[in-house]
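Have the viewer open and follow along.

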Amino acid sequence: MTTTTAPLVAGIELGGTKCICILARGPDEIEAEQRIPTTRPAETLAAIEAVLDGWRGFAALGIASFGPIVIDHASPQYGKISITTKPGWSGTDIARRLAAHSGVPTGFHTDVVGAALAEARWGAGKGLADLAYVTVGTGIGVGMIAGGIPVDGLTHGELGHIRPVQLPGDDWIGNCTFHGACVEGLASGPAIAARTGVAAQNLPADHQAWDGVAHALGQLCHTLVMTGVPRRIVMGGGVMVGTPHLFPRVRAAMTKSLGGYIPLPEIALTESYIVPPVLGGRAGPLGAIVLGTQALGRTLETSFTAS
């Protein structure tokens, strides 16, 4: 449970259709919350700034954004949306603009990494320093946390775009604009609808298309296991949350794909290894709170070292 000793942080989950702004110390201490439609960049960012202007006393700002985004602080493009299919948003400056406007330490990462951080601190991964969060909805994204911080390098991960082996006899080309039959092109909500003509939440549980969906997601989980990082895999998003029959299929598909390799008991107990989120729709906004808290911590640490 959170306490008032935690800093007050402003958090923004910047989504493809809406933005959620919250002022909070944690899930039990949310002081304000406001939703803004995601429209044109200038209009949306101005609305976010107006919300921030109405909030006083926050020590840091966290931003969990749809992507791809540039997270390399050494890059002149840091803080911007990279190439995106959302009209008008490619190259939009998010982090530097909002950091300059708010004047506080600012953390910036993907929405799925934000969700991973929140579930690790307060949700399905509470008590675990290492986990993966997978969102299966309009797209498929993965956030990996090791030692309580995101697993990053040159850029953020895009594991939803790995290419799985399809089921024997399945030659569907998938619907990913970039990769065709990657995991997102085979198992996302739009992929399911494109293949069957039916939205995932309305597709009967016994429809054969679910076999291919589970097969692809099981291989994604296989890949996550092979990184050696996650002590638990949390799977959220509209496709997973709206179709509870999918969880046992994905667990079984991962186990079959692993073929007995890495026989750790934590992984063998698939019902406690692959789990739904606890925080639901607030995972992303609360993840922004964690990002802001981490940015504040880095700033304080730098100040202490400099002194």
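Is Lys 18 buried, partly exposed or exposed? Lys 18 is partly exposed, at a relative accessible area of 36%; here buried means under 20% relative accessible area, exposed means over 50%, and partly exposed is in between, using a 1.4 Å probe and protein chains only.

A word on ground rules. This is a predicted model, in which local features need pLDDT of at least 70 and side-chain atom pairs count only at pLDDT 80 or more, while totals for chains, interfaces and linings use all residues. Residues are numbered from 1 along each chain as its sequence is written, and side-chain values use heavy atoms, with hydrogens and water left out.

**Overall picture**

The protein chain has eleven helices and ten strands, where helices (H or I, at least four residues) and strands (E, at least two) are DSSP runs numbered from the N terminus. Its radius of gyration is 19 Å, close to the 19 Å that the globule rule gives for 307 residues, so the chain is as compact as a globular protein of that length. That radius is taken over C-alpha atoms, and the rule is 2.2 Å times the number of residues to the power 0.38. Along the principal axes, the C-alpha trace spans about 60 × 45 × 35 Å.

Of the 307 residues, 50% count as buried. The accessible surface comes to about 13,900 Å², with 57% of that belonging to carbon and sulfur atoms; the areas come from the Shrake-Rupley method with a 1.4 Å probe, and for residues only the protein chains shown count as cover. Contact means heavy atoms within 4.5 Å. Among contacts between residues at least 6 apart in sequence, 62% join residues at least 24 apart.

Not counting residues up to four places away in sequence, Lys 18 touches Glu 13, Arg 35, Ile 36, Pro 37 and Thr 38. Its C-alpha atom is separated by 28 Å from that of Leu 220, 202 residues apart along the chain.

Thr 92 sits in the loop between strand S4 (60-65) and helix H2 (95-102). At 10% relative accessibility, Thr 92 counts as buried. Beyond its neighbours within four places in sequence, Thr 92 is in contact with Pro 41, Leu 45, Gly 79, Lys 80 and Ile 81.

**Salt bridges**

A salt bridge here is a side-chain nitrogen of Lys or Arg within 4 Å of a carboxyl oxygen of Asp or Glu. The count comes to six salt bridges, including these:

| Pair | N to O distance |
|---|---|
| Arg 25 and Glu 31 | 3.0 Å |
| Glu 33 and Arg 282 | 2.6 Å |
| Arg 231 and Asp 130 | 2.6 Å |

Glu 33 lies in strand S3 (residues 29-37) and Arg 282 in the loop between strand S10 (274-275) and helix H11 (283-306), so this pair ties together parts that are 249 residues apart in sequence. Glu 33 counts as partly exposed at 33% relative accessibility, and Arg 282 counts as partly exposed at 37%.

Arg 231 and Asp 130 meet through their side chains in a salt bridge. The pair links distant parts of the chain, 101 residues apart: Arg 231 is in the loop between helix H6 (209-226) and strand S9 (233-236), and Asp 130 in the loop between helix H3 (111-122) and strand S6 (131-136). Arg 231 is exposed at 52%, whereas Asp 130 is buried at 13%.
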